[in-house]
Amino acid sequence: MIHRWPKKILVVDDESAICDLVVEFLSFKGYAVSSASKGYAGLRMFQQEDYDLVLLDIRMPEISGLDVLREIKRIRPTTAVIMLSAYGDAETIRTALTYGAAHYIEKPMALEGLLRTIQGLEKEREEV
């Protein structure tokens with residue numbers, strides 16, 4: 001299955017098992033997926049490639065996902081970002097949405113639910 005959007009997805013999560021699982025699942029579903037296990041590495045990748053969608057963990061050791069989100073939106077405001085976190089307090093979620101995140105998904109996440117969220121964003125893009 002070939003998708004019109006997103007063509008390229010970047011997964012940034014300090015838990016390598018999550019990165020590997022999401023990359024494998026979304027690749028199997030026909031998406032082009034890359035990953036980074038650190039926030040700064042993810043930002044470097046984002047600056048070097050034109051990603052359509054970023055799946056971004058909120059809590060990472062060297063730089064927070066919220067700071068990465070702000071930088072992504074500064075560099076390329078139209079890039080969709082879905083925030084991922086096991087520690088989703090209401091204030092953090094509100095802040096992420098204020099900074100421009102398209103959605104928030106709580107970990108552990110159901111992969112089919114993640115896929116439905118991505119497909120929902122895909123449908124929104126087609127309608128615009």
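A crossover between two strands is called right-handed if, with the strands pointing away from the viewer, the path from the first strand over the helix to the second runs clockwise. In this predicted model, such a right-handed β-α-β unit is made by β4, helix α4, which covers residues 90-98, and β5. The two strands of the unit, β4 at residues 80-85 and β5 at residues 103-106, run parallel and are joined by four bridges. Within this pairing, Ile82 stands opposite His103 in β5.

Turning to the helices, we can begin with α1, which spans residues 16-28 and therefore has an expected reach that follows from its 13 residues at 1.5 Å a residue. From its first C-alpha to its last, α1 reaches 18 Å, close to the 18 Å expected. Several of its residues, namely Ile18, Cys19, Val22, Val23, Phe25 and Leu26, are buried, and what covers them includes the strands β1 (8-12), β2 (32-36) and β3 (53-57), together with the helix α5 (111-127). An α-helix has 3.6 residues a turn, so residues three or four places apart point the same way. After α1 comes Gly30, whose phi is positive, near 100°.

A further pair of helices shows how two such elements can lie against each other. Helix α2, residues 39-48, and helix α3, residues 65-75, pack at an angle of about 10°, and their axes are 10 Å apart. Because angles under 35 degrees count as roughly parallel, α2 and α3 are roughly parallel to each other. Where they meet, Gly39, Leu43, Phe46 and Gln47 belong to α2, while Val68, Glu71, Ile72 and Ile75 belong to α3.

How values were computed: Residues are numbered from 1 along each chain as its sequence is written. This is a predicted model: local features need pLDDT of at least 70, side-chain atom pairs count only at pLDDT 80 or more; totals for chains, interfaces and linings use all residues. Side-chain values use heavy atoms; hydrogens and water are left out. Two strands pair if DSSP finds at least two bridges between them. Buried means under 20% relative accessible area, exposed over 50%, partly exposed in between (1.4 Å probe, protein chains only). Contact means heavy atoms within 4.5 Å. Axes are lines fitted to C-alpha atoms, for helices over the stretch in contact, and angles run from 0 to 180 degrees between N-to-C directions. Angles under 35 degrees count as roughly parallel, over 145 as roughly antiparallel, 65 to 115 as roughly perpendicular and the rest as oblique.
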